[in-house]
Amino acid sequence: MTVLVAAQQTETPDTLPSRKARLAYRGGQVGSTAGVAPGFVQGNLAILPAEYASAFHRFCQLNPKPCPIIGMSDVGSPHIPALGADLDIRTDVPRYRVWRDGEVVDEPTDITSHWRDDLVTFVLGCSFSFEEALLDEGMPIRHIEQNVRVPMYRTNIACGVSGPFAGPMVVSMRPFKPADAIRAVQITSRYPAVHGAPVHLGHPHLIGIKDIAKPDYGDPVPVGDDEIPVFWACGVTPQSVINAAKLPFAITHSPGLMLVTDLKNRAMAVI
């Protein structure tokens, strides 16, 4: 009987792996969130003054592959209850980037001192969610195996333009053998809310990537002679766009160090 009761116990808000991860980051822990809190959705951050929120929202609508919105705050609020009851945007990410005039001026682990009452937070879907589905199929994820950040690259793929927001799409890369690459397309197509199917396979130069060994964000990973690089639209795209727009002020996450939410990855699948 004791064993049966134990087996029936369910997670409570205080025992959720996602909340434990946020509390660790709130306490100052820093590191890649790849593989953290398995089963839970992670998100990219774009925090902007309210005067830019409408244009950025439209930018996301025009570019749903790199910028799928999964959460949005009220003006001035550091909380998004739909993503986590105790979630605090100001403290719960391992590392942030503070931007002024399109350039990174600070990379703190807490943005309380930078917070303003006119800020709006957008949380965008992250490819870490579909990685769980790939791992469940026994497919290797190179950057997880090597405990590094996923490699990300600026491309020559132009995003749809909204107000000051324009610029190139950023992609993340994972190498696979050709048969696994086909399977990866099938699996990730089920997750449009977290970037969906790849935007490109093989031949990096065709999308403006000159050297696969030199990512613009994250860390390089080896691509075997029997593998091809597979590229997905990436939620770091807003950072490329903020840089191109020379936005006076913005805050984002540091690439690869995401916001861990209480949403479940399985809820992101459409079939």
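Start by selecting asparagine 147: it is exposed, with a relative accessible area of 68%. (Buried means under 20% relative accessible area, exposed over 50%, and partly exposed in between, using a 1.4 Å probe and protein chains only.) You'll find Asn147 in the loop between α5 (142-145) and β6 (152-158). Its phi is near 55°, a positive value in a residue other than glycine. Most residues other than glycine have a negative phi.

A quick word on what's on screen: this is a predicted model, where local features need pLDDT of at least 70 and side-chain atom pairs count only at pLDDT 80 or more, while totals for chains, interfaces and linings use all residues. Residues are numbered from 1 along each chain as its sequence is written, and side-chain values use heavy atoms, leaving out hydrogens and water.

Next, click on alanine 37. Here phi is near 50°, again a positive value in a residue other than glycine. Is Ala37 buried or exposed? Alanine 37 is buried, with a relative accessible area of 8%. Look for Ala37 in the loop between α2 and β1. (Helices, H or I with at least four residues, and strands, E with at least two, are DSSP runs numbered from the N terminus.)

Now step back to helix α2, residues 17-26. Colour its buried residues: Ser18, Arg19, Ala21, Arg22 and Tyr25. They cover an arc of only 160° around the axis, which puts them on the same side of α2. (The arc is that of the directions from the helix axis to the C-beta atoms.) What do these buried residues pack against? They pack against β1 and β11 (259-264), where contact means heavy atoms within 4.5 Å. Just after α2, glycine 28 takes a positive phi of about 110°.

Select Ala181, Ala184, Ile187 and Thr188, which are buried. Their arc is only 120° around the axis, which puts them on the same side of α6. An α-helix has 3.6 residues a turn, so residues three or four places apart point the same way. The buried residues of α6 pack against α4, β7 (168-176), β8 (200-201) and β9.

Time to go inside. The largest nonpolar core has 32 residues, and those with the most contacts inside it are Leu45, Ile47, Ile89, Leu134, Phe176 and Ile251. (A nonpolar core is a set of buried Ala, Val, Leu, Ile, Met, Phe, Trp, Tyr and Cys residues joined through side-chain atoms within 4.5 Å.) Domain 1 (34-126 + 238-268) and domain 2 (128-237) both give residues to this core, so it lies between them. (The domain bounds come from an automatic or database domain assignment.) Zoom in on isoleucine 47: not counting residues up to four places away in sequence, Ile47 touches Ile89, Ile111, Trp115, Leu119, Val120, Thr121, Ala250 and Ile251.

Finally, colour the two domains separately. The centres of domain 1 and domain 2, taken over C-alpha atoms, are separated by 20 Å. The contact takes 37 residues from domain 1 and 37 residues from domain 2. Between them, the domains bury about 2900 Å², 64% of it on carbon and sulfur atoms. (Buried area is the accessible area, with a 1.4 Å probe, that two parts lose on being put together, summed over both.) In domain 1, select Lys65, Cys126 and Met268, which lose the most area to domain 2.

Definitions and conventions
Arc of directions from axis to C-beta.
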